[in-house]
Amino acid sequence: MSVAGGYGEYAFIADLYDHVALYRDRPDIAFYVDAAKEAGGPVLEVGCGTGRVLIPSAQAGVDVVGLDLSPHMLAVCRERLWHERADVQARVQLVQADMRRFDLPRTFTLATIPFRPFQHLVTVEDQIACLESIRRHLVDDGRLILDLFNPWLDALVNREIGQEYNDEPEFSTPDGRRVARRHRTVAHDRFNQVNQFELIYDVTHPDGREERLVHAFAMRYVFRFEAEHLLARCGFEVEQLYAGFDKSPYGSQYPGELIFVARKTPKGL
Ligand SMILES: C[S@@+](CC[C@H](N)C(=O)[O-])C[C@H]1O[C@@H](n2cnc3c(N)ncnc32)[C@H](O)[C@@H]1O
């Protein structure tokens, strides 16, 4: 099974990540930056990747600790930070650690897990270990923002196993590679709510050479009430549930996102 959703095994993902149109244009940055400013920091960003959300948060004046298991993603984040002003760099600390078990010497007013890293945890034990690790690092009344995809029932039932879908715009990299990306579900474990996915990158190099790179990983889908029970079990109370990063309420669109804002509750509540 892939570790950390495959981000640790395949260096090419970190190399291409910031150029993927779907990631580059994801409309979540202002939402997370506002939440970080409101919390006042320090913020713990779990699964921070290449710093897509972390760097704008530090640019907005918030102290952020970014935690990720993938050395490749963290290397890209460090490289991006190197181009930032000294005061932005000074607000960031990066830690290579597993979100299921980490121990940092400080606490945070807000923890975030932007863009679904939590769904790479495919067992309940791992989900609980992650939420408990986060809770230990929050101040009393600290908040957690957990964003997940809302399982789209039509796709879960009807998506053909093995069929490649090509519904994303092509993108290019600064060194002139053109990339078309497809995705396919390789297997669907309905009992454990785990899909085995492949993201397939067809790369055309500037000299015309063609290369196919495959990112294989597992993702667990989590339903709304399941997530709420999980959060309650781990000492969090859901304060808000949004369907979109414009703060549209859950139920206003389908499938939309599952964006939980949860408050750390005293133990045992
Ligand atoms: C889809 S990316 C999201 C990156 C970033 N949060 C963003 O919004 O662009 C998922 C990230 O989760 C990280 N990740 C997956 N499993 C992890 C684990 N067990 N511990 C820490 N990081 C993990 C991956 O390395 C990857 O950087």
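Reply: In this predicted model, let us begin with a pair of side chains: that of Tyr201 makes a polar contact with that of Arg181, at 3.0 Å. The C-alpha atoms of Tyr201 and Arg181 are separated by 4.6 Å, although the two residues are 20 residues apart along the chain.

Me: Where is the place of Tyr201, and is Tyr201 buried or exposed?

Reply: Tyr201 belongs to strand β8, which spans residues 194–204. A residue counts as buried when its relative accessible area is under 20%. Tyr201 has a relative accessible area of 1%, so Tyr201 is buried. Leaving aside neighbours within four places in sequence, its contacts include Phe12, Leu16, Val20 and Tyr23, as well as Glu211, Arg212, Leu213 and His215.

Me: Which loop holds Gln193, and is Gln193 buried or exposed?

Reply: Gln193 lies in the loop between β7 (178–189) and β8. The same cut-off of under 20% applies. Gln193 is buried because its relative accessible area is 17%. A polar atom of the Gln193 side chain lies 2.7 Å from the backbone oxygen of Tyr221. Beyond its neighbours within four places in sequence, Gln193 is in contact with residues including Met219, Arg220, Val222 and Glu226.

Me: What does Thr112 touch, not counting residues up to four places away in sequence?

Reply: Thr112 touches Tyr32, Val43, Leu44, Glu45, Val46 and Ile145. Thr112 lies in strand β4 and has a relative accessible area of 4%, so Thr112 is buried. Between Thr112 and Val46 there are 6.0 Å in space, C-alpha to C-alpha, and 66 residues in sequence.

Me: How many residues has the largest nonpolar core, and which elements supply at least two residues of this core?

Reply: The largest nonpolar core has 32 residues, and Leu44, Phe118, Ile134 and Phe236 have the most contacts inside it. Elements that each supply at least two residues of this core include β1 (43–46), β2 (64–68), α7 (124–136) and α9 (224–233). Another core lies apart from it, with 24 residues, among them Val43, Leu54, Leu81 and Val261. As for Ile134, when residues up to four places away in sequence are not counted, Ile134 touches Val46, Phe102, Ala111, Ile113, Leu144 and Phe236.

Me: Which residues are buried in α3, and what covers them?

Reply: In α3, the buried residues are Phe31, Tyr32, Val33, Ala35 and Ala36. Their cover includes β1, α4 (54–59), β4, β5, β10 and β11. Just after α3, Gly40 takes a positive phi of about 80°.

Definitions and conventions. Residues numbered from 1 in each chain as written. Predicted model: local features only at pLDDT ≥ 70, side-chain atom pairs only at ≥ 80, totals over all residues. Heavy atoms only, no water. Helix = DSSP H or I, 4+ residues; strand = E, 2+ residues; numbered from the N terminus. Buried < 20%, exposed > 50% of the residue type's maximum accessible area, 1.4 Å probe, protein only. Contact = heavy atoms within 4.5 Å. Polar contact = N/O pair within 3.5 Å; in protein donor to acceptor, adjacent residues only side chain to side chain. Core = buried A, V, L, I, M, F, W, Y, C linked by side-chain atoms within 4.5 Å.
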